[in-house]
Amino acid sequence: MPREETTEFELEMPAQAKYVGLARLLAGSIARRMRFSEESIDDLKIAISEMCTNAIVHTGNGEATRPPILVRYLAGDGFLTVEVRDRGPGFDPACVLDRQREDLLGKGFGIPLIRSLVDVFECDSSPGSGTVVTITKFVDRE
């Protein structure tokens, strides 16, 4: 992800489902100002919903004493990168990143869906250390 001439926004939110819409709304506003297509904005909003929902579920599912989730938006020349960071128990990404289609009917559908909607997907996690999921979407060039 390019780091030159970027603008960064951060949203720290309680790990509760009622705040996911705020993360989506901010992404949509930033992407719209960057002249993303409406289809790409919808893709970003769906991906961010999944990322935040995963973070909430794995960070205590709304328990008030759980640490907040951090959502970072990095707007650059022709791209938007969004990072969702939680302080949940973490996991081995290899357990879900290589799932085959037939494994998607149960848990684990979110990550394949996110990957299908964005241009770049990264997941950094390990048991006991929380999780950082990062996506990048490039502005459609006509």
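E39 is exposed, with a relative accessible area of 59%, where exposed means over 50% relative accessible area, buried under 20% and partly exposed in between (1.4 Å probe, protein chains only). The residue lies in helix α2 (residues 38-57), helices being DSSP runs of H or I with at least four residues and strands being E runs of at least two, numbered from the N terminus. This is a predicted model, in which local features need pLDDT of at least 70 and side-chain atom pairs count only at pLDDT 80 or more, while totals for chains, interfaces and linings use all residues. Residues are numbered from 1 along each chain as its sequence is written, and side-chain values use heavy atoms, with hydrogens and water left out.

**Overall layout**
- The chain holds four helices and five strands, which follow one another along the sequence in the pattern β-α-α-β-β-α-α-β-β.
- Of the 142 residues of the chain, 42% count as buried.

**Helix α4**
- In helix α4 (residues 110-117), the buried residues are G110, I111, I114 and L117.
- These residues lie on the same side of α4 because they cover an arc of only 125° around the axis, the arc being that of the directions from the helix axis to the C-beta atoms.

**Salt bridges**
- The count comes to six salt bridges, each defined as a side-chain nitrogen of Lys or Arg within 4 Å of a carboxyl oxygen of Asp or Glu.
- R72 forms a salt bridge with E10, with the closest N and O atoms 3.8 Å apart, and this pair links distant parts of the chain, since R72 is in strand β2 (residues 69-76) and E10 is in strand β1, 62 residues apart.
- R72 counts as buried at 16% relative accessibility, whereas E10 counts as exposed at 51%.
- E83 also forms a salt bridge with R72, the closest N and O atoms being 3.2 Å apart, and both E83 and R72 are buried.
- A network of salt bridges links E8, E10, R72, E83 and R85.
- The side chains of E38 and R32 meet in a salt bridge (3.0 Å, N to O); E38 is partly exposed at 44% relative accessible area, and R32 is partly exposed at 42%.

**The loop between α1 and α2**
- R35, found in the loop between α1 (20-33) and α2, has a positive phi of about 70° although it is not a glycine.
- Most residues other than glycine have a negative phi.
- R35 counts as exposed, at 70% relative accessibility.
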